[in-house]
Amino acid sequence: MSVLNYTHMGETPLLADDLALVDLFRTKSEWIWTKELTTPPASRANEQRAFRKTFTNTRAANAQPVNATIIIAVDNYYALYVNGALLHAADPKNNFANALIYKIPVYHDKLVFAVRAINSDDGGGPENPAGVKAAIGIASEGSPSTLYYSGKDQTFLGETLFGEGWEKPDYDDRSWAPAIVQNGPRFRSTWVSPNVPTTANHATIDPSAFSQSDAGTKGYVPLQTGQVIGIAVGTFAVGALLAAVVTYLVARHRFLNRPVRPVAPQREIQPVTLPSNQYSIITPFTGATQSQVTMAHSHT
Ligand SMILES: [Ca+2]
């Protein structure tokens, strides 16, 4: 199974609609983690934890979710997936002091936001603060956005030992426990409020990639403009190719059945071929290579 990747399109300034989510992140969201044997907010260094937040659209068909915005900061860094597709590869250069914002189109009625959070040995010792702080906004057609935030919302699930496919939408997370708020004695002095950028990272993905690799998410999958053009070009090219073949066959038939005239010059009829780029259906760009970080001491 190939790895699904979002394709990053660049940064754009935040819109007025984003301010409510930014405010939620700043004022309501809290640092969450899995329940540990250590005293919160500490967790063992060089270990990773997995978190999942599931959204299921229960509104009418005319209120389909159309895009999502995610604000996230992690102590210390993270990989982020939406419906199994990698949106942000684990990057040790990230840190808890600086949040990042992502904006993506969505194509399904069920959305699973999955975070693999890594607590590194950042000078804080073998047990040091670990946490995920996030706010998620899901905009739907013709209805108010749905907003989530880590903390009091107990629907963020966490797990210490997680198996293959843990980030996939239909992964069975029923044994996962609600993530806990990291409000131990060191909490207030540990984290300052992370910086929130004024721009969002826009990313996109070919919706057909989901149906090819993960049949679990059943939902509408609208065609993007590029695909419609691709299919149109492809259909036209196939039609042109068939027309060329028919022309050739008709001509060949006439040639073979022509009256025999020994003195007539030989005619050579060549099949008409189209340049390859005229009948290959445009393949949508499927994304960049991910750079995964392998933890040396995971699951210990
Ligand atoms: Ca840490």
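Student: Is L157 buried, partly exposed or exposed, going by its C-beta neighbours inside 10 Å?
Tutor: Keep in mind that this is a predicted model. L157 sits in strand β13, residues 156–159. A buried residue needs 20 or more other C-beta atoms within 10 Å, and an exposed one has 12 or fewer. L157 has 19 C-beta neighbours inside 10 Å, so the label is partly exposed.

Student: Which residues is L157 in contact with, leaving aside its neighbours within four places in sequence?
Tutor: Contact here takes C-beta atoms within 7 Å. Leaving aside neighbours within four places in sequence, the list for L157 is F51, R52, D173, W176, A177, P178 and A179.

Student: How far apart in space are L157 and I32, C-alpha to C-alpha?
Tutor: In sequence, L157 and I32 are 125 residues apart. Going C-alpha to C-alpha through space, the distance between L157 and I32 is 9.7 Å.

Student: Which strands stand at the edges of the open sheet?
Tutor: The open sheet has 6 strands with antiparallel pairing, in the order β7-β6-β9-β4-β13-β14. An edge strand has a single partner, so one of its sides is left without a neighbour in the sheet. That applies to β7 (85–88) and β14 (177–178).

Student: What stands opposite V82 in β9?
Tutor: Strand β6 covers residues 77–82, and β9 covers residues 110–119. The two run antiparallel and are joined by 6 bridges. In β9, the residue opposite V82 is F113.

Student: Which residue takes a positive phi in the hairpin of β11 and β12?
Tutor: Strands β11 (residues 131–140) and β12 (residues 143–149) run antiparallel, with 5 bridges joining them. S140 stands opposite S143 in β12. The hairpin has 2 residues between the strands, and the one with phi near 65 degrees is G142.

Student: What is omega for the peptide bond from P40 to P41?
Tutor: P41 lies in the loop between β2 (32–33) and β3 (42–44). The bond from P40 to P41 is cis, and its omega is near 5 degrees.

Student: Is N83 buried or exposed?
Tutor: N83 is found in the loop between β6 and β7, and its phi is positive, near 50 degrees. The cut-off for buried is 20 or more C-beta atoms within 10 Å. N83 has 26 such neighbours, so it counts as buried.

Student: What about N46, buried, partly exposed or exposed?
Tutor: N46 lies in the loop between β3 and β4 (47–56). Its phi is positive too, about 60 degrees, although N46 is not a glycine. With 15 C-beta neighbours inside 10 Å, N46 counts as partly exposed.

Terms used: Residues numbered from 1 in each chain as written. Predicted model: local features only at pLDDT ≥ 70, side-chain atom pairs only at ≥ 80, totals over all residues. Pairing = 2+ DSSP bridges. Helix = DSSP H or I, 4+ residues; strand = E, 2+ residues; numbered from the N terminus. Contact = placed C-beta atoms within 7 Å.
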